[in-house]
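Please consult the sequence and structure shown below while reading.

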Amino acid sequence: MKRSELAIFDAEDVRVLLDYPSCIAVVREAMKALSSGETRQLLRTMIHMGEGRTFGLMPGALSDRGMFGAKLISVFAEPDNPGVRRHRGVVTLFEPIEGRPVCVADAEEITHIRTAAATAVATEALAREDAKVLLLMGTGGQVHSHLEALPLVRRFERILIWGRDPARIDAVVAAWRDRLPVEAAPDARIAAGEADVICTLTGARQPILLGEWLRPGTHVNLVGSSGPGPVEVDNALVLASRFIADSKASARDAAAEFLVAKAAGLVEDDHIVAEIGEVLLGRVPGRRDAGEITVYKSLGHAVQDLAAAAHIYEAQGARN
């Protein structure tokens with residue numbers, strides 16, 4: 001391999017080449033391909049190296065004759081702020097003709113963008129058409145990417161920002177007030193009762209959102225917890241919902257909120273009624289009526305990362 005044969009995309013390159021409308025379209029097709037069996041991927045492998053330190057490997061292929069590769073990523077807590085985790089790493093991409101590596105892209109920036117894009121895809125498919133109030137729970141990096149993505153799929157008249165640190169809430173509101181109808185939500189229970197769509201985007205280890213707070217017809221995106229252990233919502237919310245995952249296999253392995261409810265004997269594996277790709281393909285209904293509470297569990301997948309990297313690679317090729 002020659003150095004000139006390997007394209008390298010840093011975080012700024014990713015931001016330029018992977019805009020949110022494009023990433024939403026890319027993730028939508030990737031999830032349909034995953035549920036139709038076109039893609040190939042293994043469950044993620046996680047090596048834990050002490051408290052707050054994990055190395056992960058996520059391999060996959062977009063199809064038997066498509067691009068393939070892996071995301072290699074570290075998930076490390078910030079030393080001075082253990083509740084905040086950084087996802088640093090690379091997405092490596094190989095071409096399918098000769099099996100040559102063709103690009104390396106910044107995984108942290110891809111993860112930021114494609115995670116919010118996946119939430120947008122699920123919200124477009126599962127939230128009520130007349131959803132007007134959005135609640136974002138969390139004040140880290142994902143709140144900003146979700147503020148970029150979600151208004152592309154619904155017209156929200158109010159966007160409520162909740163977090164455990166009032167100063168961080170105010171900082172998010174100040175950053176976005178000139179672009180979107182954002183406002184601080186100091187009380188989680190009150191905000192949840194007003195919301196039509198809720199996204200949990202935190203590193204919480206115990207529930208920050210309770211099922212009894214929701215009104216009928218709410219759609220909830222569970223995003224923050226990506227492995228067994230930390231949960232963002234309680235068993236009552238899981239039990240009351242029509243529960244849809246990005247991948248059933250991954251959810252049965254790593255969807256903490258589902259696993260806790262299952263361990264309590266409240267649900268079985270069939271409580272995961274569908275993958276979002278099955279909903280998008282029309283194979284399984286998503287929301288069935290205006291009063292149903294729907295949940296989308298986002299764990300993130302290699303095929304999303306690889307599809308995003310392939311889009312970046314192709315977009316750069318088109319520019320050149």
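## Val16 and the basis of the model

Val16 lies in helix H1 (residues 11–17); helices (H or I, at least four residues) and strands (E, at least two) are DSSP runs, numbered from the N terminus. With a relative accessibility of 41%, Val16 counts as partly exposed, a class between buried (under 20% relative accessible area) and exposed (over 50%), with a 1.4 Å probe and protein chains only.

The model is predicted: local features need pLDDT of at least 70 and side-chain atom pairs count only at pLDDT 80 or more, while totals for chains, interfaces and linings use all residues. Residues are numbered from 1 along each chain as its sequence is written, and side-chain values use heavy atoms, with hydrogens and water left out.

## The sheet

Eight strands form an open sheet in the order E10-E9-E8-E11-E12-E15-E13-E14, with parallel pairing; two strands pair if DSSP finds at least two bridges between them. Strand E10 (182–184) and strand E14 (272–275) are the edge strands, each pairing on one side only. From one strand to the next, the twist averages 20 degrees.

Three bridges join strand E13 (residues 242–245) to E14 in the parallel sense. Ala245 stands opposite Glu275 in E14.

Helix H4 (residues 141–149) packs on the sheet, where it touches strand E8 (133–137), strand E9 (158–162), E10 and strand E11 (197–200). Contact means heavy atoms within 4.5 Å. The direction of H4 makes about 160 degrees with that of E8; axes are lines fitted to C-alpha atoms, for helices over the stretch in contact, and angles run from 0 to 180 degrees between N-to-C directions.

## Helix H3 and its two partners

The axes of helix H3 (residues 107–126) and H4 come within 8 Å and cross at roughly 50 degrees. H3 and H4 are therefore oblique to each other, the class left after roughly parallel (under 35 degrees), roughly antiparallel (over 145) and roughly perpendicular (65 to 115). On the H3 side the contact includes Thr111 and His112, and on the H4 side Gln142 and Ser145.

With helix H11 (residues 302–319), the axis of H3 comes within 10 Å and crosses at roughly 115 degrees. H3 and H11 are therefore roughly perpendicular to each other. Ile110, Thr111, Arg114 and Ala118 in H3 meet Gln304, Asp305, Ala308, Ala309 and Ile312 in H11.
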